[in-house]
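This briefing sets out how the parts of one protein chain pack together. Please read it alongside the sequence and the structure shown below.

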Amino acid sequence: MLIKQIGQAYDKARQYHNIIPRYAAGSSSTQWRRIHEELKNNNPDWRKALFDSSTDICKADNDEFGWGITWSDGDKPITFAAWLKQVLADHDAATVLMLVSQITRYDFSRYTSLKQASQQIDFSLITHAHDSEVKQ
């Protein structure tokens, strides 16, 4: 399930950078809503709008802890934007729109929301060690 993969990617990035729960890490729900709008408008060039131009939505440049956040993908680091482009490569706009509609119900960049999603959608997190640091 794609949403589980994305949630776990956020978790990997948090762990890789040892980001404590009170700090955001990864693309915010606002950024995902921009993708949602692009897909909802039936743009036939949605992949280009997301990944392939100087004004792309999923731009890793100058977004170190958003689309540009990295983690180790085997032997080298990969940005969230590059990873997402690979993951979505074989999916059509309708599937991605449904996925993004699910993601925007949460804010995976916030640990408490990521944890809530992991419980509701049923995917495991590796950053449970930080649970005691989350302010309620």
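**Structural briefing**

K115 is found in helix α6. The model is a predicted one.

- Two packed helices are described by the angle between their axes and the distance between the axes.
- For helix α1 (residues 2–16) and helix α6 (residues 111–121), the axes come within 11 Å and cross at roughly 145°.
- The crossing in which α1 passes α6 is left-handed.
- On the α1 side the contact is made by I3, K4, G7, Y10, D11 and R14, which meet Y111, L114 and I121 of α6.
- Sorted by class, this contact of α1 with α6 has five nonpolar, one polar and three charged residues.

**G7 in helix α1**

- G7 lies in helix α1 and is among the residues of that helix that meet α6.
- With 0% relative accessibility, G7 counts as buried, because the limit for a buried residue is under 20%.
- Not counting residues up to four places away in sequence, G7 touches F108, L114 and F123; of these, L114 belongs to the α6 side of the helix contact.
- G7 and T95 are 88 residues apart along the chain, and their C-alpha atoms are separated by 17 Å.

**The contact of α2 with α5**

- The axes of α2 and α5 are 9 Å apart, and the two helices pack at an angle of about 145°.
- α2 passes α5 in a crossing that is left-handed.
- W32, I35, H36, L39 and K40 of α2 meet A93, V96, L97, V100, S101 and I103 of α5.
- By class, the contact of α2 with α5 comprises eight nonpolar, two polar and one charged residues.

- The buried residues in helix α4 (residues 80–88) include F80, A81, W83, L84, V87 and L88.
- Seen down the axis of α4, the buried residues fall within an arc of 160°, so they line one face of the helix.
- These buried residues pack against α1, α2 (29–40), α3 (46–52), β1 (70–73), β2 (76–79) and α5 (93–103).
- The largest nonpolar core has 38 residues, and those with the most contacts inside it are I6, W32, F80 and L84.
- At least two residues of this core come from each of α1, α2, α3, α4, α5 and α6.
- F80, one of the buried residues of α4, is in contact with I6, A9, Y10, S27, W32, G66, W67, I69 and W71, leaving aside its neighbours within four places in sequence.
- Among these partners of F80, I6 and W32 are themselves listed with the most contacts inside the core.

**S28 and S29**

- S28 has its place in the loop between α1 and α2, whereas S29 is found in helix α2.
- S28 counts as partly exposed because its relative accessibility is 21%.
- S29 is buried, since its relative accessible area is 12%.
- Leaving aside neighbours within four places in sequence, S28 is in contact with D107 and S109.
- S29 touches T104, Y106 and D107, not counting residues up to four places away in sequence; D107 is also a contact of S28.
- The C-alpha atoms of S28 and F80, which are 52 residues apart along the chain, are separated by 12 Å.

**Loop residues with positive phi**

- Most residues other than glycine have a negative phi.
- N18, in the loop between α1 and α2, has a phi near 50°, a positive value in a residue other than glycine.
- N18 counts as exposed because its relative accessibility is 54%.
- N62, in the loop between α3 and β1, has a phi near 60°, again a positive value in a residue other than glycine.
- N62 counts as exposed because its relative accessibility is 86%.

Methods
Residues are numbered from 1 along each chain as its sequence is written. This is a predicted model: local features need pLDDT of at least 70, side-chain atom pairs count only at pLDDT 80 or more; totals for chains, interfaces and linings use all residues. Side-chain values use heavy atoms; hydrogens and water are left out. Axes are lines fitted to C-alpha atoms, for helices over the stretch in contact, and angles run from 0 to 180 degrees between N-to-C directions. Helices (H or I, at least four residues) and strands (E, at least two) are DSSP runs, numbered from the N terminus. A crossing is left-handed if the near helix is turned anticlockwise from the far one by less than a right angle, and right-handed if clockwise. Contact means heavy atoms within 4.5 Å. Ala, Val, Leu, Ile, Met, Phe, Trp, Tyr, Cys and Pro count as nonpolar, Asp, Glu, Lys and Arg as charged, and the others, Gly among them, as polar. Buried means under 20% relative accessible area, exposed over 50%, partly exposed in between (1.4 Å probe, protein chains only). The arc is that of the directions from the helix axis to the C-beta atoms. A nonpolar core is a set of buried Ala, Val, Leu, Ile, Met, Phe, Trp, Tyr and Cys residues joined through side-chain atoms within 4.5 Å.
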